[in-house]
Amino acid sequence: MGLLVMILGLVLFLGVHVVTSLRDLRAGLVKAMGEGGYKIVYSLASAAGLALIIWGFGHYRSTGWINVWTPPTALKHIAVALMLPAVILVVASYIRGRIYTTLKHPMLAGVKLWAAAHLLANGDLGSIILFGSFLAWAVYDRISLKHRADAGAPPIPVGGPTNDLIAIAVGVIAYLALAFAFHPVVIGVPVMGA
């Protein structure tokens, strides 16, 4: 049951994100609903999808775990190491500096790194579906960006190396918070003990 709910959440959450990449469809929806209406529906659908993903994955982990393979311990340590640059890249997409201008889409690079790291560390079916779906979406979205006339995101001023240092500092703090507070408390899996 949990796995099906998680999959439904992934379809909803990633589906609305795919709509964003289909610029003509998005423009038609904005025209029909208005910019504010579109953003409200988009936000509600994303939140509902995320809630279904979280509830479904949690239920799956507690009642229907399906092991596909057992990752070696070394891969789990590599995943922990990969998460630091993944978090920094996500932060750098908002605190824009040279990291942003070099990568053009550090958010997608961070999501791909996050998903790949978790695929290395988890060998169960639910994790493969969850993280594989996010990885596939991030690859698709990056490819679609090459074919769009617009950036698809609101403009954020781009700074210099100081912004990169701030992004790295905030990224390290966020990484530590995720590793030592969020992951063991919310996810129920200690990062360093894995």
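## A tour from Thr 101

Start by selecting Thr 101, which you will find in helix α4 (helices are DSSP runs of H or I with at least four residues, numbered from the N terminus). Before going on: this is a predicted model, where local features need pLDDT of at least 70 and side-chain atom pairs count only at pLDDT 80 or more, while totals for chains, interfaces and linings use all residues. Residues are numbered from 1 along each chain as its sequence is written, and side-chain values use heavy atoms, leaving out hydrogens and water.

Thr 101 is partly exposed, at 45% relative accessible area; that class sits between buried (under 20%) and exposed (over 50%), using a 1.4 Å probe and protein chains only.

Step along to Lys 104, in the loop between α4 and α5. Its phi is near 70 degrees, a positive value in a residue other than glycine. Most residues other than glycine have a negative phi.

Next pick Ser 93, in the loop between α3 and α4. Ser 93 counts as buried because its relative accessibility is 6%. Leaving aside neighbours within four places in sequence, Ser 93 is in contact (heavy atoms within 4.5 Å) with Pro 106, Met 107 and Ile 156.

**The helices on either side**

Select α3, residues 73-92: its 20 residues reach 30 Å from first C-alpha to last, close to the 28 Å expected at 1.5 Å a residue (that is, 1.5 Å times one less than the number of residues). Its buried residues include Val 80, Met 83, Val 87 and Val 91, and the buried set packs against α4 (98-103), α5 and α7 (161-187).

**Into the core**

Show Met 6, Leu 10, Leu 14, Ile 53, Leu 130, Phe 134 and Trp 137. Of the 17 residues in the largest nonpolar core, these touch the most other members; such a core is a set of buried Ala, Val, Leu, Ile, Met, Phe, Trp, Tyr and Cys residues joined through side-chain atoms within 4.5 Å. Two or more residues each come from α1 (2-21), α2 (23-63), α5 (106-121) and α6 (125-146), with α6 giving the most, six. Centre on Phe 134: not counting residues up to four places away in sequence, it touches Leu 10, Phe 13, Leu 14, Ile 53, Val 111, Trp 114 and Ala 115. Another core of 16 residues lies apart from this one, with Val 80, Ala 121, Ala 179 and Val 191 among its members.

**Salt bridges to finish**

How many salt bridges are there? The count comes to three, where a salt bridge is a side-chain nitrogen of Lys or Arg within 4 Å of a carboxyl oxygen of Asp or Glu.

- Arg 26 to Glu 35, with the closest N and O atoms 3.5 Å apart.
- Glu 35 to Lys 39, at 3.7 Å, N to O; these two are four residues apart in α2, so about one helical turn separates them.
- Arg 148 to Asp 141, at 2.7 Å, N to O; both of these residues are buried.

Shared partners link Arg 26, Glu 35 and Lys 39 into one salt-bridge network.
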